[in-house]
Amino acid sequence: MNQNSSYRTNMIGGDEVSAISVDMDTRSIHETNSLFWDTKGNDLLGATSLPLYGAFVSEEKCHLFGDVTGKKMLEIGCGSGHSLQYLGERQASELWGMDLSENQIEKTKQHLTACGLSATLVCSPMEAECGIPADYFDFVYSIYAIGWTTDLQGTFRRIASYLKKDGVFIFSWSHPIHKCVAAENDRLVFKKCYFDESWYSVTLGESTLTLSDRKLSTYVNALAKEGFAIEQIIEESDDEIIQSNNGDFANKAKMLPVTFIIKAKKL
């Protein structure tokens, strides 16, 4: 991946960090991000899992899944396994998980075993063919992981193939407007063009990650092209959760969305 001289500011989580624009190279991005999650990813960014969809938004309030009893579930970016645990304890019949990181897959396996649950786990980029069955799942979901894909359209195409007809896809990610705005001296200041979807590299501590900030319309249009009908988009933060938190990030969430969630059905 060749770096150029373009520097800009970007927000990871609630923090403002310096980012370096980079050329898009799928193999290099997979290697960089896999190493990040194999080593310091959880320590630096934490782990978001159900019932939370991200900052200040919860399934306990949104009720997007409903009754999952007897349902077959696939998680894209299963992380440490806590979302799979959440659904397994609600009587889902089958649990499957996919993650780019071997370390995360091992964490999921250990966590679910300790909880008396089991899952079929696959270590693979979400964009790749990896042997997951077609027309099989009632739900495919992703909690703060879908934005790591290097091929959004291709990923949605694969997810559509995994789902049964009328199956449901639910995913959350950092809201793109949040990535453009920083809190400065009790004000919100634009730091980045909303329409800029170029790839960039960020160094946190001694670890590096590579991402692209896609527009909300990019997600919506990609879903439509793969035959999904959007049932719900959530951008609002939960006031009760915000009130239990202090600081600039919570104050920012009162003014603009920091997380978005989309629920879509395969037609």
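Good morning. In this predicted model, the largest nonpolar core has 36 residues. Val 140, Ile 146, Phe 156, Ile 159, Phe 169, Phe 171 and Tyr 219 are the residues with the most contacts inside that core. Helix H6, residues 152-162, gives the most to this core, contributing five residues.

Let us take Phe 171 as an example. Apart from its neighbours within four places in sequence, Phe 171 is in contact with Ser 142, Ile 146, Phe 156, Tyr 219, Leu 223, Phe 260, Ile 261 and Ile 262. There is also a second, separate core, of 23 residues, which includes Tyr 53, Val 68, Ile 105 and Ile 170.

I turn now to the aromatic rings. How many aromatic pairs does a search of the whole structure find? The search finds 19. One of them joins Phe 36 and Trp 37 in an edge-to-face arrangement, with 5.3 Å centre to centre and 85° between the planes. Phe 36 counts as buried at 1% relative accessibility, and Trp 37 counts as buried at 15%.

Another pair, Phe 169 with Phe 228, is tilted, at 5.7 Å centre to centre and 45° between the planes. Because Phe 169 lies in strand S9 (residues 163-174) and Phe 228 in strand S14 (residues 228-234), this pair ties together parts that are 59 residues apart in sequence. Phe 169 is buried, at 0% relative accessibility, and Phe 228 is buried as well, at 6%. Ring pairs also link Phe 156, Phe 169, Phe 171, Tyr 219, Phe 228 and Phe 260 into a cluster.

Charged side chains meet rings too. Lys 72 lies over the face of Tyr 136, 4.0 Å from the ring centre. The charged end of Arg 90 sits over the ring of Tyr 86, at 3.6 Å from its centre.

Next, the cysteines. The structure holds zero disulfides. Cys 78 is buried, with a relative accessibility of 4%. Cys 193 is likewise in no disulfide, and the nearest cysteine sulfur, that of Cys 180, is 7.1 Å away. Cys 193 is partly exposed, with a relative accessible area of 44%.

Finally, the salt bridges, of which the structure holds twelve. Arg 27 and Glu 31 form one of them, at 3.3 Å from N to O. Both residues lie in helix H1 (residues 26-39), four residues apart, or about one turn of the helix. Arg 27 is exposed, with a relative accessible area of 64%, whereas Glu 31 is partly exposed, at 47%.

Asp 135 forms a salt bridge with Lys 266, and their closest N and O atoms are 3.1 Å apart. Asp 135 lies in the loop between S7 and S8 and Lys 266 in strand S15 (residues 259-266), so the pair ties together parts that are 131 residues apart in sequence. Asp 135 is exposed, at 52%, while Lys 266 is buried, at 14%.

Strand S15 also holds Lys 265, whose partner Glu 231 lies in strand S14, so this pair ties together parts that are 34 residues apart in sequence. The side chains of Lys 265 and Glu 231 meet at 3.5 Å, N to O. Lastly, salt bridges with shared partners join Lys 179, Lys 192 and Asp 213 into one network. Thank you for your attention.

Key. Residues are numbered from 1 along each chain as its sequence is written. This is a predicted model: local features need pLDDT of at least 70, side-chain atom pairs count only at pLDDT 80 or more; totals for chains, interfaces and linings use all residues. Side-chain values use heavy atoms; hydrogens and water are left out. A nonpolar core is a set of buried Ala, Val, Leu, Ile, Met, Phe, Trp, Tyr and Cys residues joined through side-chain atoms within 4.5 Å. Buried means under 20% relative accessible area, exposed over 50%, partly exposed in between (1.4 Å probe, protein chains only). Helices (H or I, at least four residues) and strands (E, at least two) are DSSP runs, numbered from the N terminus. Contact means heavy atoms within 4.5 Å. Rings of Phe, Tyr and Trp (its six-membered ring) pair if their centres lie within 6.5 Å; planes under 30 degrees apart count as stacked, over 60 as edge-to-face and the rest as tilted. A charge sits over a ring if NZ of Lys or CZ of Arg is within 6 Å of the ring centre and within 35 degrees of the ring normal. A disulfide is a pair of cysteine sulfur atoms within 2.5 Å. A salt bridge is a side-chain nitrogen of Lys or Arg within 4 Å of a carboxyl oxygen of Asp or Glu.
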